[in-house]
Amino acid sequence: MKRNLLLLVACLTVVVGRAQNDTTQSRILTFEEAVSIALQNSVLLNQQRNVMELNQMQKISAIAGIAPSVNANASLGRNVGNTFIQQIGVVSGTVDGASGSISANLNLFSGFARVNTIRQMTKALDAQSYFVNRTAQDAINLVATQYLTVMRDVELLRIAKQNYEALNKQLEQITEMMDLGSKSDVDKQNQNTLTRGAELRMVQAEIQLNNDKTLLQQTLLIDPFMEFEVEKPNWDSNYLGEQPLNIEELTDRAKAFRGDYLRSLKQEESYHYALYAARGGYLPSLSASATYLTGWNFRHGVDPSSADYPRPFKTQITQDNIRKSVGLNLNIPLFNGFQQRAFVTQARVTYENQKITTRNLEFQVKNDVIRAVRNFDGAKRAFAVTTAQLSSAEIAFEYETQRYNLGVTSFVDYANANRMLVQSQTDKAQAEYTLVFQRILLEYSVGTLKPEDITATKN
């Protein structure tokens with residue numbers, strides 16, 4: 001029995017261990033998938049989509065406001081006491097009654113307020129659509145930056161790990177050489193110090209990677225317990241650096257594609273029409289109305305043979321109690337405590353402030369493009385410099401390692417060559433990802449950022 005129990009525990013341990021390995025197995029999160037998740041889960045983007053749905057409904061409501069407003073009314077009740085009956089007059093007793101009506105009202109003229117309101121809501125919907133587009137680019141830009149940061153951290157961790165392994169291997173060789181008498185204990189301790197420093201940088205790089213991955217998970221709103229790895233997009237850094245840029249052309253493109261700038265323009269037009277609609281309140285308004293009403297009543301306690309006995313329901317509804325009315329209503333505003341003037345002033349101030357905002361955005365767009373172009377040019381030069389720097393550092397370290405193993409050079413020169421190699425590798429990785437960062441920021445400043453921009457390759 002005891003043997004069977006131990007066998008059962010061992011089987012359960014194996015099963016649980018395999019299950020844990022399955023749950024903790026990491027998955028590959030591609031850039032395209034990260035962007036897709038961001039566009040689906042972005043809090044601000046979803047909120048702005050909801051606002052656009054509201055703007056769409058407001059536009060429909062404004063258009064439908066041109067049509068007549070139609071209302072139906074029905075009532076049913078009993079009166080005890082004196083009651084007025086249209087065909088008889090005032091009677092005393094218990095009377096049951098019902099009535100129904102349908103009425104329509106049509107605005108004929110309201111100082112063009114309704115027309116301008118429709119235009120206002122149309123421009124507001126256009127403005128919101130541009131803002132949704134810009135918010136989507138915000139989400140792409142944020143996720144792209146964080147995704148590339150994680151990729152950079154992976155590359156820096158790889159460099160730090162590679163350096164640690166190389167130095168640790170060198171430490172083992174020096175230890176063997178010390179045992180043979182060709183190296184001193186000082187050489188071993190110096191190498192061990194260098195190796196431990198490389199291990200520390202490797203641990204720090206791993207911590208930074210974990211922090212940036214957590215930040216990316218928070219942005220994407222994905223399960224914090226999900227382990228994932230990022231995949232380097234198939235970009236060509238040299239091709240990105242070869243693309244010519246013209247500031248004037250990019251500025252014109254930005255004014256044609258930047259969602260925030262186009263939104264401001266549409267909002268300015270919307271507020272302009274809102275001002276026209278408000279001024280319509282100064283003018284007279286004319287409306288037409290029509291009503292169709294009918295009813296039924298029944299007086300209790302009346303002899304059926306009497307002439308006062310209520311007529312049949314159908315006769316009352318279709319003949320006796322029908323009432324129709326049509327009319328025109330003219331409203332001329334004379335004085336309302338300056339309420340309309342205050343409303344117009346508020347609309348005018350809102351419009352003027354939006355004009356100021358639009359002008360400010362126009363300068364901001366130009367400055368964003370100029371800054372992005374200059375930073376991108378700087379990133380291209382930095383990438384070229386670090387590429388050449390790394391090539392020289394690799395050759396220098398290879399020569400210095402050979403000289404150190406032969407005892408021709410000092411440990412200080414060897415350590416300095418190693419430091420320069422690691423720094424050059426780090427600078428090269430930083431410059432490569434900075435180049436991609438700046439390319440994304442350039443497309444973002446122009447307003448043409450798309451998910452495929454990061455995966456651009458040379459054809």
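Asn 71 stands opposite Ser 103 in strand E3. The two strands involved, E2 (residues 69-85) and E3 (residues 89-109), run antiparallel and are joined by 17 bridges. Strands count as paired if DSSP finds at least two bridges between them. A hairpin of three residues links E2 to E3. In a regular strand, side chains alternate between the two faces of the sheet.

This is a predicted model, in which local features need pLDDT of at least 70, side-chain atom pairs count only at pLDDT 80 or more, and totals for chains, interfaces and linings use all residues. Residues are numbered from 1 along each chain as its sequence is written, and side-chain values use heavy atoms, with hydrogens and water left out. Helices (H or I, at least four residues) and strands (E, at least two) are DSSP runs, numbered from the N terminus.

**Arg 258**

Arg 258 sits in the loop between helix H7 (247-257) and helix H8 (259-279). Its relative accessibility is 1%, so Arg 258 counts as buried. Buried means under 20% relative accessible area, exposed over 50%, and partly exposed in between (1.4 Å probe, protein chains only). The Arg 258 side chain makes a polar contact with the side chain of Asp 260 at 2.9 Å. Another polar contact, at 3.3 Å, goes to the side chain of Asp 368. A polar contact is a pair of N or O atoms within 3.5 Å; within protein, one must be able to donate a hydrogen and the other to accept it, and residues adjacent in sequence count only if both atoms are side-chain atoms. Leaving aside residues up to four places away in sequence, Arg 258 touches Arg 134, Gln 364, Val 365, Asp 368, Tyr 444, Ser 445, Val 446 and Gly 447. Contact here means heavy atoms within 4.5 Å.

**Salt bridges**

The model has 18 salt bridges. Each is a side-chain nitrogen of Lys or Arg within 4 Å of a carboxyl oxygen of Asp or Glu. Among them are these:

| Pair | N to O distance |
|---|---|
| Glu 269 and Lys 266 | 4.0 Å |
| Arg 311 and Asp 320 | 3.1 Å |
| Arg 439 and Glu 443 | 3.0 Å |

Glu 269 and Lys 266 are three residues apart in helix H8, so about one helical turn separates them. Glu 269 is partly exposed at 32%, whereas Lys 266 is buried at 19%. Arg 311 is partly exposed at 48%. Arg 439 and Glu 443 both lie in helix H11 (residues 411-446), four residues apart, about one turn of the helix. Arg 439 is buried at 11%, and Glu 443 is buried at 13%. Salt bridges that share partners also join Arg 134, Arg 258, Asp 260, Asp 368 and Arg 371 into one network.

**Nonpolar cores**

A nonpolar core is a set of buried Ala, Val, Leu, Ile, Met, Phe, Trp, Tyr and Cys residues joined through side-chain atoms within 4.5 Å. The largest has 44 residues, and those with the most contacts inside it are Leu 29, Tyr 147, Leu 148, Leu 216, Leu 220 and Tyr 414. Elements giving two or more residues to this core include helix H2 (31-41), helix H4 (113-179) and helix H5 (185-220). H4 supplies the largest share, 12 residues. Tyr 414 touches residues including Leu 167, Leu 194, Phe 397 and Tyr 404. A second, separate core of 16 residues includes Leu 250, Val 369, Phe 376 and Leu 442.
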